[in-house]
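The plan is to look at the chain as a whole, then pick a few spots and see what surrounds them.

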Amino acid sequence: MKDRQLYFSMLVVALSLGTAWAIRGQFGHEHGAAWAGGIGCLSLIMVAKRGDWYSKVFSATLAGALGWGIGGIMSYGIVVGYGRASDFINTYYGLMMLFVIGGLYGYIGGGLFGLSLSSTAKNPVKWVNLTIEMVVGGIMFYYFMIYEFEWFMTPPRSEMWAVCFGMAVALTWFMIRHQQTSAIRVAVFSGLGGGFGFALGNFFQVLGGVSGIKFNFWNVMEYTLGFFGGLGMAYGTLTSKWETSEPQQKKANQFFPILMLSLIIPFTVWQQNFDTKRIYATLIEIGIIDGSPLFAATEWSGLVLVLILAAFSFYQYYNHRPASVTYTYKEIQTFFVVYLGIYIVFSYIITGAFFSTYRVEQYLYTLNLIAIILLIGKTQPTFSNRNIDGSKWAVKMVWVALFIAVLAFIAKSSHDELKGAHKRFGEEVVEETAK
């Protein structure tokens, strides 16, 4: 019964982060990843049903959002192309490097989220120290790995993965020094899930393209990253021991997290994506007549939604609150539904899904949201305390690498040369692919 509730709870978080990460495909970069990561962390706090976490729901969600968002600086378009190669070496290299990239997304996101859950008044996380260490770690590893050793993953594209790797190393050392065992578990399993999901998703994308089925299989790859990343983050959280947090937090401590989650991140998504040129091209492609008022309405509707979200969030969760704040499960659920709902609407707007059904995957997001709403209130997980077993983890990593090798063999055997394929080793493929 306990295991069944654990798996059920993991599934709900996986659906939440998977849906949000698929939506992130329309927006990309750090801001899109941060919004998606925040949704995954919110769902996990709801699934956990721990009242002592409700008072720090916004700070924990922001920590996870920023962690998942950091990975948005990494370029992976050409790496996806390696996975489309027709030989085993390049295909396996592509899938394994996607495992690394997806792993860095999840490891940093899960690690910062876990640290936020661990932070209490008696044992607070030293966020300033951690930030400095991660920045220095990122710079140092990038300098040595890229400039000195020239360990290029994805030439000639950006090698910012090395920055994320350095940040992950610094984060790990911080957690070890401060004996943050539970946060380490969340980081490791989030990274394992995100990495496996990214590699598996590229495998699905290759087979989907070969099948001739007309569907956005790139979006399937994004969904699997979020889905398995959510599975891992939920497993790491629900199988770890956590100190009881304070039932109330200072109201002043809620301002910045609410500002970031409800205004800064959504506004950045709007500002970076709702540009006139992109909207014009999308609406013309689906048959909207040039000069239609829908062009201006589409461009500015996103900003209106951002302002509504911010006004709602501050009114409901900050303005009328006393000096010491906590929230109810129902209030958190309302914010979650609104937060994910607006992200879905953003996706509908930017793809023209309100006016055309050419992007059928868009409507699956709504079905996922309905399923999550129906399921999330039924979770009743029991927390367990499972230790860190380094040797066991190492063996599992070997099995994952072998399984990805099998995927690479199947993928390369399923086709001849594909459009958008790249080779890291051997003769260079001329065709370019966009991220």
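These are my entries, from the overall picture down to single residues.

**Entry 1: the whole chain.** I noted before anything else that this is a predicted model. I looked up the secondary structure and got 16 helices and 2 strands. Next I checked the radius of gyration: a compact globule of 435 residues would come out near 22 Å, and this chain has 21 Å, so the two agree. Along the principal axes, the C-alpha atoms fill a box of roughly 65 × 60 × 45 Å.

**Entry 2: inside and surface.** How much of the chain is buried? I found 57% of the 435 residues in that class. I then looked at contacts between residues with a separation of 6 or more, and 82% of them join residues 24 or more positions apart. The accessible surface is about 18,500 Å², and carbon and sulfur atoms hold 66% of that. For charges, I have 30 positive and 24 negative ones, with their mean positions 13 Å apart.

**Entry 3: helix α12.** I picked the helix at residues 276-285 and asked which of its residues are buried. My list has I279, T282 and L283. They sit on the same side of α12, because the arc they cover around the axis is only 90°. What do these buried residues pack against? I see α13 (294-319) and α14 there. On the face turned away from the buried side, I found K277 and E285, both exposed. After the helix comes G287, and I wrote down its positive phi, near 100°.

Entry 4: Is S347 buried or exposed? Its relative accessibility is 0%, so I count it as buried, the cut-off being under 20%. I skipped the neighbours within four places in sequence and listed the rest of its contacts: I23, Q26, F27, Q362 and Y365.

**Entry 5: N319 in α13.** I finished in helix α13, with N319. This residue has 48% relative accessibility, so it goes down as partly exposed. Beyond residues up to four places away in sequence, N319 touches K251 and F314. I also checked N319 against F255: they are 64 residues apart in sequence, and their C-alpha atoms are 9.5 Å apart in space.

Technical notes:
Residues are numbered from 1 along each chain as its sequence is written. This is a predicted model: local features need pLDDT of at least 70, side-chain atom pairs count only at pLDDT 80 or more; totals for chains, interfaces and linings use all residues. Side-chain values use heavy atoms; hydrogens and water are left out. Helices (H or I, at least four residues) and strands (E, at least two) are DSSP runs, numbered from the N terminus. The radius of gyration is taken over C-alpha atoms; the globule rule is 2.2 Å times the number of residues to the power 0.38. Buried means under 20% relative accessible area, exposed over 50%, partly exposed in between (1.4 Å probe, protein chains only). Contact means heavy atoms within 4.5 Å. Accessible areas come from the Shrake-Rupley method with a 1.4 Å probe; for residues, only the protein chains shown count as cover. Lys and Arg count as positive and Asp and Glu as negative; His and the chain ends are not counted. The place of a charge is taken as NZ of Lys, CZ of Arg, CG of Asp or CD of Glu. The arc is that of the directions from the helix axis to the C-beta atoms.
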